[in-house]
Amino acid sequence: MAVGLATGLRRRQSLDDLSAASREVDFSVYADDARGEIDFSRQFVCPTATPLYYTEIYQTLTDRQQLRYNQLCGLAFNELVSLFESQFADRVLRAVANVARQEGEETLLQCVTHFQREEEHHTQAWKQLCELTDARRYSSGPYPITQPSPVGVRFLHYIAARPLRFPAILWVMLALEEKALDTARRCLQMPRDDLDPVYRQMYARHAHDEARHVQVDWHFIDTYYPRLSPARRRRTAWLVAKLLGEVFLRPARSAKRVVACLLAEFPELQDRRKEFDQQLDGLMQCEAYHAMMYSRRGSPILFSLFDQYPEMHRMEAVLLSYRVHERNRIDPEEVGDRSDD
């Protein structure tokens, strides 16, 4: 499979090209994802994509403890992607499809329709991968590790279903999908023997589709964001900063839930729980952690759009990895998905 990831910049794809590429997707091959035997001697995700990797306490763990932490992070990543695609992206896409239909934007509607179908397949595949990995754990529900906040989920449901009323959600959607694409890139660049082959196949499939999805997200912002008044743009920028900084950047609920699961499996670590929590909290001041989460290399489209709109320059106060003066005049038309092949 040609993986839709890359090392350099390329021109943005048109909606016509994206629609044509979507129509060529063979959904029958998705049945081969998340199948096989999991190798528990290997990692499930690139270590550099895990929060604890950027703490001092991580280096004190044994090889066995580091491996198990990595595998729990891999499962947590599966849960979060599944949650995002089924409960968040789905609502945004349905709302955008309705608007595109009303406004006669046929090409955009076609892209969104294919986008929705692919997200449905992704969600099923990630859930299947979790069950393949740990059937007993996932017999109790789809999110046993991360245990998302019901209040937080309801809030995201509300604003995700109203993307033109809360256009910040379009920015967050781009940020999260570009982040997922970067995580896949990291995983696919690992030595082949280090990563479980079933997980590698899933990352390859996800990357192949996400490379198009982030382009469609870009079109969402270009289509709907310029319509806003200056005052609404400022309010939108404020909400984007709050959501990215306090909800999606901060290693809080899900990151600490992974550590709690690790400590449950290694009781000898229990008396260090407070130390784990403190070091995770400290990552909000860690430049390397911020760069792993969002950076010009990992989130080129997002950062180029931050550069483009002055009200988004406030992200300098949220992301240690974002500085307007570092943009080097990158033309947004030259920023796009990446392809190793």
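User: What makes arginine 42 partly exposed?

Analyst: This is a predicted model, and the value computed from it for arginine 42 is 23% relative accessibility. Buried means under 20% and exposed means over 50%, so with 23% arginine 42 falls in between and counts as partly exposed.

User: Where is arginine 42, and which residues is it in contact with?

Analyst: Arginine 42 sits in the loop between helix 1 and helix 2. Leaving aside neighbours within four places in sequence, arginine 42 is in contact with Leu67, Gln71, Arg192, Asp193, Asp194, Leu195, Asp196 and Pro197. Take aspartate 196: arginine 42 and aspartate 196 are 154 residues apart in sequence, yet 5.3 Å apart in space, C-alpha to C-alpha.

User: What about threonine 123: buried or exposed?

Analyst: Buried: threonine 123 has a relative accessible area of 8%, and the cut-off is under 20%. Threonine 123 is in helix 3, and its contacts, leaving aside neighbours within four places in sequence, are Ser82, Glu85 and Ser86.

User: How do you know how many disulfides there are?

Analyst: A disulfide needs two cysteine sulfurs within 2.5 Å, and by that rule the count comes to zero. Cysteine 46 shows the reasoning: its closest cysteine sulfur, in cysteine 187, is 5.7 Å away, which is too far for a bond. Cysteine 73 is in no disulfide either, with the nearest cysteine sulfur, that of cysteine 261, 10 Å away.

User: Are those cysteines buried or exposed?

Analyst: Cysteine 46 counts as buried at 8% relative accessibility. Cysteine 73 is buried too, with a relative accessible area of 10%.

User: What makes helix 6 largely enclosed?

Analyst: 21 of the 21 residues of helix 6 are buried, so helix 6 is largely enclosed by the rest of the structure. Helix 6 covers residues 168-188 and reaches 30 Å from its first C-alpha to its last, close to the 30 Å expected at 1.5 Å a residue.

User: What lines the largest pocket?

Analyst: The largest pocket has a volume of about 1200 Å³ and is lined by 45 residues. Leu80, Leu176, Val247, Phe248 and Ser254 lie nearest its centre. Several helices supply at least two lining residues each, including helix 6, helix 8 (230-249) and helix 9 (253-265). Helix 2 gives the largest share, 10 residues. By class, the lining has 29 nonpolar, nine polar and seven charged residues.

User: How many cavities of 30 Å³ or more are there?

Analyst: Two cavities of 30 Å³ or more are counted. The second largest cavity holds about 30 Å³ of space, and Ser22, Cys111, His114, Phe115, Glu118, Arg212, His213 and Val216 line it. Helix 3 (106-133) and helix 7 each give two or more residues to that lining, and the largest share, four residues, comes from helix 3.

User: How does the lining of the second largest cavity divide by class?

Analyst: The lining of the second largest cavity divides into three nonpolar, three polar and two charged residues. Histidine 213 is one of the lining residues, and, as above, it counts as buried at 1%.

Key
Residues numbered from 1 in each chain as written. Predicted model: local features only at pLDDT ≥ 70, side-chain atom pairs only at ≥ 80, totals over all residues. Heavy atoms only, no water. Buried < 20%, exposed > 50% of the residue type's maximum accessible area, 1.4 Å probe, protein only. Expected span 1.5 Å × (residues − 1). 1 Å grid on protein atoms, 1.4 Å probe; cavity = no way out; pocket = protein on both sides within 12 Å on 5 of 7 lines; lining within 4 Å. Points joined across faces, edges and corners; volume = space filled by probe spheres on them. Nonpolar A, V, L, I, M, F, W, Y, C, P; charged D, E, K, R; others polar. Contact = heavy atoms within 4.5 Å.
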